[in-house]
Amino acid sequence: MIYWQLFLSFFKIGLFAIGGAYSFLPLTEKEVVERYHWLSKPEFLDISGFVKIFPGAISVKYATYVGYKMGGYLGVAIANFANLMAPACFVLIATVFYTRFNATPHVKGAFKVIQLVIFAMIIAVAFQTISLQQLRSWTALLVVAIAFCLFMFTKVEPAVIIVLAGLLGAFLRFI
């Protein structure tokens with residue numbers, strides 16, 4: 001039963017993970033925390049930080065973590081297969097569709113609105129991943145501002161920013 005649930009959950013996540021890395025997090029949380037209770041909310045948030053430091057697709061890392069926790073190595077294989085199956089099919093279909101109709105106003109309009117919705121979902125995930133109490137100190141706000149500026153205005157790799165933040169938090173313990 002657990003393997004079928006893993007398959008259905010991660011197929012659904014893969015099916016609706018439109019917009020990239022962070023757009024699927026609300027759906028993933030609903031599936032693995034609220035629906036099946038495979039992870040607690042604090043564990044989900046811990047894993048959010050954990051999976052960001054490794055290379056590769058975040059959805060694959062969630063599928064791997066949850067799949068292993070719930071079903072061992074077979075759970076990993078099933079969750080990842082399900083997670084990748086829908087997007088692979090969609091990309092193939094979309095490639096054919098897009099190459100034929102990409103210049104039409106309807107397709108351009110659809111992609112513009114989808115981008116706005118994904119932007120809103122990413123903002124929502126940002127607010128869900130942190131407690132507002134964590135932002136009440138000047139030090140925390142300074143860390144957020146510096147990380148934002150490094151990400152937006154420099155060519156510093158995001159992974160380097162995350163590793164440096166982890167080191168800063170681990171060794172200075174001031175936040």
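Guide: We can begin with the core. A nonpolar core is a set of buried Ala, Val, Leu, Ile, Met, Phe, Trp, Tyr and Cys residues joined through side-chain atoms within 4.5 Å. Keep in mind that this is a predicted model.

Visitor: What is the general idea behind looking for such a set?

Guide: In soluble globular proteins, nonpolar side chains tend to be buried together. In this model the largest nonpolar core has 23 residues. Those with the most contacts inside this core are Phe10, Val32, Trp38, Phe44, Tyr62 and Val66.

Visitor: Which elements give two or more residues to this core?

Guide: Helix 1 (2-16), helix 2 (25-35), helix 3 (41-52) and helix 4 do. The most comes from helix 4, which gives 7 residues.

Visitor: Take Phe10. Which residues is Phe10 in contact with, leaving aside neighbours within four places in sequence?

Guide: On that basis Phe10 is in contact with Val32, Trp38, Tyr62, Ala63, Val66, Ala79, Ala82 and Asn83.

Visitor: Now a charged residue. Is Glu43 buried or exposed?

Guide: The cut-off for buried is under 20% relative accessible area. Glu43 has 18%, so Glu43 is buried. Glu43 sits in helix 3 and, not counting residues up to four places away in sequence, touches Trp38, Tyr65 and Lys69.

Visitor: How is a pair of aromatic rings described?

Guide: By the distance of the centres and the angle of the planes. Here the count comes to 9 aromatic pairs. In one of them, Phe97 and Phe101, the ring centres are 5.1 Å apart and the planes are at 45°, so this pair is tilted. Planes under 30 degrees apart would count as stacked, and over 60 as edge-to-face.

Visitor: Where do Phe97 and Phe101 lie?

Guide: Both are in helix 4 (residues 58-101), 4 residues apart, which is about one turn of the helix. Phe97 is partly exposed, with 42% relative accessibility, and Phe101 is partly exposed at 40%. Elsewhere, Trp4, Phe7 and Phe11 form one aromatic cluster.

Visitor: Which residues make the nonpolar surface patch?

Guide: Val156, Val160, Val163, Leu164, Leu167, Leu168, Phe171 and Leu172 make a patch of about 710 Å². To be counted in a patch, a residue needs over 30% relative accessible area. Val156 has 31% and is partly exposed. Val156 lies in the loop between helix 6 (138-153) and helix 7 (158-172).

How values were computed: Residues numbered from 1 in each chain as written. Predicted model: local features only at pLDDT ≥ 70, side-chain atom pairs only at ≥ 80, totals over all residues. Heavy atoms only, no water. Phe/Tyr/Trp six-rings, centres within 6.5 Å; stacked < 30°, edge-to-face > 60°. Buried < 20%, exposed > 50% of the residue type's maximum accessible area, 1.4 Å probe, protein only. Patch = residues over 30% accessible without salt bridge, like charges linked within 9 Å, V, L, I, M, F, W, Y side chains within 5 Å. Areas by Shrake-Rupley, 256 points an atom, 1.4 Å probe, with all protein chains shown as cover. Salt bridge = Lys/Arg side-chain N within 4 Å of Asp/Glu carboxyl O. Contact = heavy atoms within 4.5 Å.
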